[in-house]
Amino acid sequence: MGSTMSLVLFGRQGSGKGTQCARLVEKFGLIHLSTGDILRENIRNKTELGLFVEPILSRGGLVDDATILALIEDRLEKSDIKESGFVLDGFPRTLAQSESLVKMLEPSSLDAVINLEVGIEEVTKRMELRGRSDDAAEAISQRLQLYETQTVPVIKWFDEKGLVATVDGVGSEDQVFSRIVSALSERGLEVAVS
Ligand code: AMP
């Protein structure tokens, strides 16, 4: 067993994926890699990339694969990632991104893909309550629709590789987190915590 983990966490927007990533970071010392966070930071800083992606994010669309892959490839090459391991959040979102990720990681590979399952009705309710600026009703439904058409096939693709652990995302933060930890240990993934 290696001393780090390479994980992907999937979940619809509003599934609590961000919170659970933070818990994984805290418990296992992983680096949280969220393409959404990186893009939003670029928007805040008005970088060239930020200006390019801002209209795409505000209408709830997907940024093109080449742009996203350049971001991720840069980040995965850094030594801190190799030492600490990572949990990917919001990436990959398309089959092309998934295939590229698997190639980027070679000769190593992902340890597990966690599918945090929360139904469409429940996440819609949660996002309306949260009221983030890009959570306007139309953007919510657009993003959920994209998740079904683009991300669900991606989860299936990883499932065919035997990598997916589906975890029920309904419950308290602690309950959901302990389900994730159990799913990881069932796969032989338990990193010693100091
Ligand atoms: P998130 O915070 O993961 O929901 O991402 C917010 C927005 O950033 C998404 O609605 C997309 O517009 C864009 N985005 C984030 N990650 C990706 C990705 N892997 N591929 C394409 N677009 C992305």
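1. What share of the 194 residues in the protein is buried? In this predicted model, buried residues account for 46% of the 194, and the protein exposes about 10000 Å², of which carbon and sulfur atoms supply 49%.

2. On overall dimensions, the radius of gyration is 16 Å, which agrees with the value near 16 Å that a compact globule of 194 residues would have. The C-alpha atoms fill a box of roughly 45 × 35 × 30 Å along the principal axes.

3. The protein contains nine helices and five strands, which follow one another along the sequence as β-α-β-α-α-α-α-β-α-β-α-α-β-α. Among contacts between residues at least 6 apart in sequence, 76% join residues at least 24 apart.

4. Helix 6, spanning residues 95–105, has Q97, S98, L101 and L105 buried; these lie on the same side of the helix because they cover an arc of only 100° around its axis. An α-helix has 3.6 residues a turn, so residues three or four places apart point the same way. The buried residues of helix 6 pack against strand 1 (6–11), helix 4 (65–76), strand 3 (86–89) and helix 8 (137–160).

5. A side-chain N or O atom of T35 is 2.7 Å from a ligand nitrogen, a polar side-chain atom of R93 lies 2.9 Å from a nitrogen atom of the ligand, and a polar side-chain atom of R40 lies 3.0 Å from a ligand oxygen. Taken alone the ligand exposes 480 Å², and the protein buries 96% of that area.

Terms used
Residues numbered from 1 in each chain as written. Predicted model: local features only at pLDDT ≥ 70, side-chain atom pairs only at ≥ 80, totals over all residues. Heavy atoms only, no water. Buried < 20%, exposed > 50% of the residue type's maximum accessible area, 1.4 Å probe, protein only. Helix = DSSP H or I, 4+ residues; strand = E, 2+ residues; numbered from the N terminus. Arc of directions from axis to C-beta. Contact = heavy atoms within 4.5 Å. Polar contact = N/O pair within 3.5 Å; in protein donor to acceptor, adjacent residues only side chain to side chain. Areas by Shrake-Rupley, 256 points an atom, 1.4 Å probe, with all protein chains shown as cover. Rg over C-alpha atoms; globule rule 2.2 N^0.38 Å.
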